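User: I would like to learn how to read a protein structure, one feature at a time. Please give the general idea and then the case at hand.

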Amino acid sequence: MTDSNKRAKKDKGIMDLKDDVLVGEIIARLPLKQAIQCKVLNKYLDFKISDSEFSQILLNRQKDGSLELLCSVNGPPKTLHKISLKPINQWQTAFSDDIEILSSCNGLILFDFEIAKRFCVFNPITGLHQLIPYPLPSSQLIGNIGLAVDYPNPNQYKVVTISYPAENSNLFYKFHVLSSERPGLWREIQLITNMSISLSFGSPTVYWRNSLHWLRSDGSVLAFDTKKEEAMLIDRPWFLDHYDVNCSKIPTGRDVWLGIAQGLLTLVYIFTETIVIGTYDNVRSTWRIRHTFDNLISGPKGMIDVFPIWNDSKHVCFLVDHPLTGYYDLREYDTETSGYKKTAELGRTIVNCPIHCFQPTLASVHKTPSDGVETDDLAYITAKLDEIRRFIIDGICIQEESSSSSSSSSSSSSEHEEEAEQGEEEEEGQEEEEDQD
């Protein structure tokens, strides 16, 4: 028997892994957190689960029930919120003033740790992170930031910042690009335009078809191709002028949503009386209207505020703010039945800030030396990331005031406790099997 065969047989350890397909099917059906735990059983499973093709299978199996929305709210006190859509629930925890969520893409989250003047790429599932120095010069104002993650293949990422230089600021945008392949090198790229229009507040960066997209305040979209490292402008949708006479208003995260739905770049725009869902035709370079329906505002003007957060093939979800009570609820509009329904009451959660979609994956985080970071700052960052990781994976459910919400919270907490107990039993069982062998 060759040395390679001996190593392969040894790596399989206590498990009979001859049926590779069967083993893959079993692991792919596990919750993502438990699938990750299988990596430590032996080198074979570590290699199997980390393989790009298997990672794609595992990701597709997780998509239906693992989407979460994350946002930080500048208190006092500052809090980190998590809203789970399937099933609908919410959690919150204390969040440090010197930490900001900048972007999220394909399982990785980009943070800003002001204390160390570093960006941080973090995978809450694997617990791995990379600290990235700010672009030079450090005194330059850093604008909107995007994270592009090419998971699962080739499992690389890029960080892109936009700044507005003081000189000739009305003529171009300035981009700084950093790749995980060359983490010590920021490259500067400029886009010359006839006018450098500000970006829309509250609308996170969208990664679609190898490009990062930012919604601008006039309704147009700024796109940066992370493969070619070129920038371009997508024209303002024509229907903005058609549906609202007040077309000069600046879109924010409270009345517009730019994201991906059914594989298309999608814009949901709330006008005074009508809500429009448009998609971008990449081939013809134009916007198309997919759906229009009445605005769900039912009370006196100003009594109810609504803004979109997410949509899928059949439903559009909206967070509805009731200013007089301070309460939010989540409603869905079904494009097939043309009707609304309230799906959850979210209490007094404050969500008038950028909301980031988080989809758990096994995307890799590249390790680099943390040069120039004080030891105390490194310990602080490690501790904070551990807190964030535990919150995103498990979370502590908010106690709602209504009996139905309290019941939901108790049920969610019980489920977490049962999962934890089950996980401990499984680990004990594995240890017993290893001792017997």
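User: Which strand do eight bridges join to β10?

Analyst: In general, strands of a sheet pair through backbone hydrogen bonds, either parallel or antiparallel. Here strand β10 (residues 172–179) is joined by eight bridges to β11, and the two run antiparallel. Across this pair, S179 stands opposite R182 in β11. Strands are DSSP runs of E with at least two residues, numbered from the N terminus, and two strands pair if DSSP finds at least two bridges between them. This is a predicted model: local features need pLDDT of at least 70, side-chain atom pairs count only at pLDDT 80 or more, and totals for chains, interfaces and linings use all residues. Residues are numbered from 1 along each chain as its sequence is written, and side-chain values use heavy atoms, with hydrogens and water left out.

User: In what order do the four strands of the open sheet lie, and which are the edge strands?

Analyst: The order is β8-β9-β10-β11, with antiparallel pairing. The edge strands, β8 (145–150) and β11 (182–192), each pair on one side only. On average, neighbouring strands of this sheet are turned by 20° against each other, direction ignored. For such angles, axes are lines fitted to C-alpha atoms, and angles run from 0 to 180 degrees between N-to-C directions.

User: Which residues touch the most other members of the largest nonpolar core?

Analyst: A nonpolar core is a set of buried Ala, Val, Leu, Ile, Met, Phe, Trp, Tyr and Cys residues joined through side-chain atoms within 4.5 Å. Buried means under 20% relative accessible area, exposed over 50%, and partly exposed in between, with a 1.4 Å probe and protein chains only. The largest core has 67 residues, of which F111, F175 and W214 touch the most other members. Domain 1 (11–59) and domain 2 (60–394) both contribute residues, so this core lies between them; the bounds come from an automatic or database domain assignment. Contact means heavy atoms within 4.5 Å. Beyond four places in sequence, the contacts of F175 include V160, I162, W214 and F224. A second, separate core of 17 residues includes V206, L240, L265 and V276.

User: Is N123 buried or exposed?

Analyst: N123 counts as buried because its relative accessibility is 0%. N123 sits in the loop between β6 (118–122) and β7 (129–133). A polar atom of its side chain lies 3.3 Å from the backbone oxygen of T361. A polar contact is a pair of N or O atoms within 3.5 Å; within protein, one must be able to donate a hydrogen and the other to accept it, and residues adjacent in sequence count only if both atoms are side-chain atoms. Among the residues that N123 touches, beyond four places in sequence, are G107, L128 and V365.

User: Where is L128, and what is its relative accessible area?

Analyst: L128 is in the loop between β6 and β7. With a relative accessible area of 38%, L128 is partly exposed. The C-alpha atoms of L128 and D386 are 10.0 Å apart, although 258 residues separate them along the chain.

User: Which residues does a cis peptide bond join, and which residue has a positive phi of about 55°?

Analyst: Most residues other than glycine have a negative phi, and most peptide bonds are trans. A cis peptide bond joins Y151 and P152, with omega about 5°. P152 is in the loop between β8 and β9 (156–163). E229 has the positive phi of about 55° and is not a glycine. E229 lies in the loop between β14 (221–225) and β15 (230–234).
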